[in-house]
Amino acid sequence: MGTYLITGIGRGIGQELARVLLLRGDRVIGTVRDPDGASAEWDGFIKNGQLKLLSLDVRDGGSIKEAAKRLDEPLHVLINNAGIIGPDRQSTLDMDFDGFLDTLNVNTLGPLRTVQAFLPHLRRARAAKIVTISSRMGSISYAKSDRIAYRASKSAVNKVMQGLATDLREDGIIAISVHPGWVRTDMGGSGADVSVQDSADGIIKLIDGITPGNSGGFFDWQGKPVSF
Ligand code: NDP
């Protein structure tokens with residue numbers, strides 16, 4: 001049993017990751033942007049002490065530091081799940097530049113801000129793991145160009161994770177990127193081919209099994225390596 005911090009547990013993949021971990025008995029520190037709007041389904045887990053909700057917006061470094069101050073316990077796993085698809089206009093030939101910057105802010109800088117703020121908690125656990133939910137859409141070797149702001153933000157976060165894997169190796173902290181599949185959520189849409197349950201189960205199995213030798217890697221929800 002361990003303590004997992006997951007950003008964005010209000011819906012989608014983050015919500016399902018939290019649910020599966022809570023049901024198997026782990027402790028979850030879940031972040032939401034609006035604690036008042038948090039689902040009633042969490043009430044029992046909050047009452048029994050298994051779930052702690054923290055309010056933060058990954059765009060706002062101050063809110064992340066405040067949340068980190070409210071936590072005084074070791075963290076075994078940090079899952080950077082919160083993310084956005086980006087602006088409506090995001091082609092190389094017609095770009096909403098403010099939207100592009102915001103996408104980088106949430107999807108690339110957000111995970112790094114979160115890791116930096118919670119690093120003291122990760123260092124207090126033995127062999128902690130940092131897992132960022134990225135996307136195969138960020139693979140440089142995959143030449144598609146639609147939603148280029150989103151793709152670029154995920155390519156960049158993969159590089160950040162690889163850097164963290166190197167810089168935290170001596171601390172014994174593992175860092176990986178994960179492609180969750182094309183998942184039926186608000187972001188993935190109803191036509192996606194993977195259910196949130198299958199994606200979350202696969203990601204948790206992957207996290208359970210990763211070792212220091214996997215650090216710096218990029219894997220899909222079924223545990224297969226994804227090319228950068
Ligand atoms: P959803 O759109 O269903 O959920 C996104 C989650 O991120 C919500 O909990 C949302 O919170 C949170 N969030 C968004 N912006 C912020 C912010 N600024 N600060 C804090 N939390 C924020 O997406 P998914 O569940 O589908 O996606 C989860 C992750 O998986 C993302 O990183 C996404 O890029 C990635 N992914 C998803 C795929 C898919 O097919 N669904 C495919 C590949 C990758 P709130 O409710 O407050 O908005």
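Mentor: Both faces of strand β1 are covered: Thr 3, Leu 5 and Thr 7 on one side, and Tyr 4 and Ile 6 on the other, are all buried. A residue is buried if 20 or more other C-beta atoms lie within 10 Å of its own, exposed if 12 or fewer, and partly exposed in between, with C-beta atoms placed from the backbone. Because five of the five residues of β1 (residues 3-7) are buried, the strand is largely enclosed by the rest of the structure. Helices (H or I, at least four residues) and strands (E, at least two) are DSSP runs, numbered from the N terminus.

This is a predicted model, in which local features need pLDDT of at least 70 and side-chain atom pairs count only at pLDDT 80 or more, while totals for chains, interfaces and linings use all residues. Residues are numbered from 1 along each chain as its sequence is written.

Strand β1 runs parallel to β2 (residues 27-32), to which five bridges join it. It also runs parallel to β4 (residues 77-80), here through three bridges. Two strands pair if DSSP finds at least two bridges between them. Tyr 4 stands opposite Val 28 in β2 and opposite Val 77 in β4.

In total, 26 residues surround the ligand, the closest being Gly 8, Gly 12, Ala 82, Gly 83 and Gly 188; a residue is near a molecule if its C-beta atom, placed from the backbone, lies within 6 Å of it.

As for the whole, the protein has six helices and nine strands, and 42% of its 228 residues count as buried. Among contacts between residues at least 6 apart in sequence, 64% join residues at least 24 apart, two residues being in contact if their C-beta atoms, placed from the backbone, lie within 7 Å. The C-alpha atoms fill a box of roughly 50 × 40 × 35 Å, taken along the principal axes.
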